[in-house]
Amino acid sequence: MSHSWVTIVIPMESARTADTRAELRKMDNPARREVRDALRQDLKIHFMSTGVIAGDPGQPSHLVMEISSDLAPPETIALVARVLAPWMGPVFAAAGIKGELAAAMQAHHVKTGQGLLDHPGLDHTGSPGMSVQRIRDEWDLARGIRDLFDTKSYTGTPLQILEQVRADVRTGDAFKGLQHLLQPEATPCLLAPPPQRPVGALIAGLVFPAIATFLWPVVIPALLLAVLATWLTWQGGAGASVTLLVLLTGLSLSGLATLGAAAAIYGGLRKRELADQPDDSLPDDAVLSEIYADENQAAQNHMTGVSRMKPGHLRRLTLRLAFWFIGNVARLQYRPGFLGQLGTIHFARWILLPGTDKLVFFSNYGGSWESYLEDFITKAHAGLTGVWSNTEGYPRANNLFGDGATDGDRFKRWARRQQQPTPFWYSAYPHVTTARIRANASIRQGLTSASTREEAELWLAQLNSRTPPSTLLETREVQTLLFGGLKHHPHAVLLAISAPSDAASAKALLTAVKPLIGYGDMPDPNAVAMLALGAGALAKTGLSQAGLASFPFAFRDGMASAARSKILSDTGDDKPAEWLWGAGDRDADAVLVIYGATPAVLKAVEAEAMTVLAAHGGRLVHRVALRDLDSAAQASGHGLKNQEHEAFGFADGVSQPLIKGARRWKAARDAIHEVEPGEFILGYPDNRGFLPLTPVVPSETDPKNLLATVAPPPAAGYAPDLSNSHANLDRDLGRNGTFLVVRQLAQDTKAFDASLKVLADAAKDHPGAPPGLTPDQLQHWIAAKMVGRWKDGTSLVRYPNRPGTGWNNEHPHIAPDNDFLLGAEDPVGLRCPFGSHIRRTNPRESFEPGSMEQLAIVNRHRILRAGRRYEGYVPAKGARKEDGGLMFMCFNADLERQFEFVQQTWAMAPQFHGLENEVDAILGRGKTTGRLTIPTASGPLQVKGLADVVRVRGGGYFFVPSRATLDYLSS
C-alpha cells in the first residue's frame, strides 16, 4: 500500500482572496463535523488542507489544496470533489474558478520531483505503508487492550500475560470488528534503520543517482560527438580508435566543464551566504493571533509556511539539490518514516508555487508547534537549512546545510513570520501521534507474532510500561517524609524559596542544603527536612534541555498555568493571580519543609537554612509556620495522641495508602490500602506491575556515574542489544524520587460554623433527619455527612448515628477506622453520602460494590498526603490577617493520573456518582454547586447553600529528588 500526495494550485484574482478565505473558514480548522463526516465515509484521506496564498501586487493569488491519500491522484481528486462539493463549490465560486470541480482540480494538479525537468518539491510520510483504515483499527485495538489492563489484573510472566490478552482479544465483544488484525501485516514504519554507512560509502552511493538526476545534460554533448565520430569513421575508413578518442575527449571536456560549473556554483553560493542578512523582525500580531486560535485543539497540528525565494537561477538549482539530497539520504540512512531522529511528522511537503518565487511548506505533525520546531532544531536542522536557506530572511547558513536552524530562537521567529493561517484543515485521526501509530502497530505485531519472553516484554513496553524484576526499596535514597508523617517531629515550618539565577550559585545552594535533608525510613530524632524542586529550580541548576523536556508536561506547565487552573477549578477568588505565593513574581522555585522534635531544634535548623539561602543568593518567597501536632491534638478534645485535626475540627490523616516494602507497611494489616512502591516512588513497579515513566538525562551529562542507567526505549518491534555496555545508556533522573503537590488552603472556620447553623435549622423538620438530636448534634451530623466521617475520625459507614467516641467523648478508646468498603457496606449512600469529601477523594469500590478489581483501579489514583495545619497569620505589614488552614501536601508518581484526576474527576465533578450539579461539599466553590444530597429512607435531603469555606492561597508542583539525583544536580 502506497500513499499519494495531491497538490492542487489554482490561480485566481487577488481581489477575491478575502472572500475565498472567508468561505474556506466555514469549513473550519479543525474541520467542522459535517465536513469531517463526509471525508470519513470512505476512509481514504489522511489529511487535507486548503488555503489562499496571496499574490504580489499585480500578480494573481492561488487557491492551494494539499491532500494525503491512500488512492492514486485521479481517484483522490474524484473522491474529494464528490464528497466536498457542498462546501468546495461555494469556495470555487468565491475564487471565480469555473467548471466542474473535479475537472478544475485535475487540470491544476501539480506533480513534484527533484529532477532538472521536474517541478521542484519534496514529500514525506511518517507512516509509510499505513492506510487510514489500518491506523484507525490499530488505534481501536491498542485502546481496547489498554482498557483490558484497566479492568483486569493479569498475572504471570510477560508471555503468560500476553497469552491471556490474546485470548481476551479473540473472544471479547469489544474486538469483534478487529479480528482481521490478528493476521500479520507488513509494517514498513517499524523497520530498523538501514546499516549506517561510512561517509565515503554514503557519497559513493549517491554518485550515480546524482549523475542520472543532474549531470545527464553534460553527457549528451559527449554522446553526440561519439555518434559524429562513428559516422565519420564509416565514411573515411578510419579505425575504431578514432571513435574512442573522440568520445573520451568529449567526456573529458564535459567533465572539466562540470567541475568548472560546480566551482562556479559553489563560489557563487558562498558569496551569497556571506552576504546574507537574517531578518529578525517580529511576526504580524494579527496573523499570529489567528494561527494561535487554530493550534493545539488535538494531538496534531497543521502548518502552512510561505517563503520567498532569493533571486537568481542559482538558488533554484540549490533548492533542487537540497530536495534531492534529503530524499536520498533519508532513503539510505534513516528509518522509514523518520528524518534523522525526527519522527513527529505525519505528512509534509515542500512545493515551489508554479509561476512564482514562493516556496510553500505544508506539515501535518504531532504535538505543539514549539515542540515540533525544537525537534527540527535539534534533530533535523541540516535538512531545514538546506531547503529554507534558499529563501529570504533565513538565519545565515554555511555551505547550504550548515548553521541556519541551529540558531534556534532566530529560526523559530523566522518560521512564525513565514506561517500563515490555514482556514480549512482535516485529519482522519486527530488524536493519534506518529509515535502512537508506530506503538499501536507494534502492539498488533506483538499480539500476532511474539513467542518469547523477551518479545513479550517488548510488547508490554509498547503499552508505556515494562515488567521489571521485583526490587527492594532503596530506602537510603528516598527522602524521609515519604515513609510517614513524622509524628515524633511535631513542630514544622514551610519555606518557599527562589533560587539564584546563575547555575554555579544554584548548584552551590543545593550543595549547602544537602546536609539538612533527611533520607530513609529511620528519621533523625532531632530534625528532618524535605527539599522539593520546581521546574524553575531544575532549569537554574543548568539541567539540560533534554533532561527538562523529559519531565511530565503537567509538572513543567505548573500549577498556576491556565490549563492547570481549569483542571483544578482554581477560578474566581482561587485563581493564581490572587495567591500569596506560587504565581507571577511570587513564584517559588523550591520548597524546604523542616520538622523538629522541639521548638528550639526547629528554630536552629530554620536559622541555618536561612543563612545558607542568603549566602548563595537565594531568596525567601513565603514562610508559613505549621501548627504543632500536640496542640492540634489537644485542641480537638478527643484525647487521640498526636492525631492532628484540621481547622474545621475533623481528625486528619486517617486514610492513607500503605507502600509495600516500607516499615510502616510491614506493621500494617489493612490490605485494601496496599499499593506498590511505583505508585508513589519512581523506579519501582506500580500496582499493575509496570514501571512508571521517569525523567532521564543523556549519559554524557553524568560523567561521574551518579545516576542509575535506564533501559532505552527500543525501536518499535525490535529488542535492544543487551550485550552492549550500559555506559552510554540514558541515566534515570527520577529513580527514588517523586512529585509533590503543595496547596495552601485557607479555611474560614467562622463561615463554616455559621453555615452549619443555617443548614441544621433548614433540615431539622425533614423526615430524613435523625430524630431527637439537639441543634448542636444536628450540626455535627450535617458536618459529618459533608466530610464522610465524624470529627473524632470514626466513619459514618461503621457509626452511622453518632460518633464512635459518643456525643460527649464517653468512649475515648475508640480510634478512627479505615478498613471499611464503601460499596459493600453502604451501596446506596444511606450512611456516607456519595457527595461527601472522603467518598469523592477515595471512592474505594463504590462504583462496583464488593469488586476488588474496582478497588485496584481506584488505588491507581491514590495520593500520599503529608500536609499539616497552619495557624492564621499576617502575610505582610499592613495586610489583613489570613485565616489558618491546611498546608496540603501530597506525593504522586504521576501528577495527572493521581492528584489532578482526584481533583477534577472525583472531587470537583458536578455529576460524580450519578449526582447532578454538586461538587465536593468541603472543597466546593459555593454558588449553584454548593449543595449536598444526603440519601435517607424518606428520600433525599438536599442541603443547599453550602458556604465557600476553603480558599487556595498558594502552591505549586515540585519534584522530590533522591539523594543521588540531588548529588547530580549539585555537582
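This is a predicted model: local features need pLDDT of at least 70, side-chain atom pairs count only at pLDDT 80 or more; totals for chains, interfaces and linings use all residues.
## R897 and its surroundings

Leaving aside neighbours within four places in sequence, R897 touches E679, R860 and H861. R897 belongs to helix α30, which covers residues 896–907. With R860 there is also a polar approach: a polar atom of the R897 side chain lies 2.5 Å from the backbone oxygen of R860.

Is R897 buried or exposed? Its relative accessible area is 16%, and since the cut-off for buried is under 20%, R897 counts as buried.

## Helix α26 and what covers it

Let's move on to another helix. Helix α26 runs through residues 775–787, 13 residues in total. From first C-alpha to last it reaches 19 Å, close to the 18 Å expected at 1.5 Å a residue.

How many residues of α26 are buried? The count is 11 of 13, so the helix is mostly covered. The buried set consists of Q777, L778, Q779, H780, W781, I782, A783, A784, K785, M786 and V787. Among the elements that cover these residues are the helices α25 (749–763) and α28 (837–841), along with the strands β24 (931–934) and β25 (941–944). Just after α26 comes G788, with a positive phi of about 100°.

## Backbone geometry to check

Most residues other than glycine have a negative phi, and most peptide bonds are trans. Here are some places in this model that depart from that pattern.

N29 and P30 are joined by a cis peptide bond, with omega at about -5°. P30 sits in the loop between α1 (17–25) and α2 (33–39). L43, which is not a glycine, has a positive phi of about 50°. This leucine is found in the loop between α2 and β2 (45–53), and L43 is buried, at 15% relative accessible area.

N809 is another residue other than glycine with a positive phi, in this case near 60°. The loop that holds N809 lies between α26 and α27 (822–825). Is N809 buried or partly exposed? At 26% relative accessibility, N809 counts as partly exposed, because that class lies between the 20% and 50% cut-offs.

Which residues make the nonpolar surface patch of about 490 Å²? V199, I203, V207, F208 and I211 form this patch. One of them, I203, lies in helix α8, which spans residues 199–236. In an α-helix there are 3.6 residues a turn, so residues three or four places apart point the same way.

Notes
Residues are numbered from 1 along each chain as its sequence is written. Side-chain values use heavy atoms; hydrogens and water are left out. Patches are made of residues with over 30% relative accessible area and no salt bridge: like charges are joined within 9 Å, nonpolar side chains (Val, Leu, Ile, Met, Phe, Trp, Tyr) within 5 Å. Accessible areas come from the Shrake-Rupley method with a 1.4 Å probe; for residues, only the protein chains shown count as cover. A salt bridge is a side-chain nitrogen of Lys or Arg within 4 Å of a carboxyl oxygen of Asp or Glu. Helices (H or I, at least four residues) and strands (E, at least two) are DSSP runs, numbered from the N terminus. The expected span of a helix is 1.5 Å times one less than its number of residues. Buried means under 20% relative accessible area, exposed over 50%, partly exposed in between (1.4 Å probe, protein chains only). Contact means heavy atoms within 4.5 Å. A polar contact is a pair of N or O atoms within 3.5 Å; within protein, one must be able to donate a hydrogen and the other to accept it, and residues adjacent in sequence count only if both atoms are side-chain atoms.
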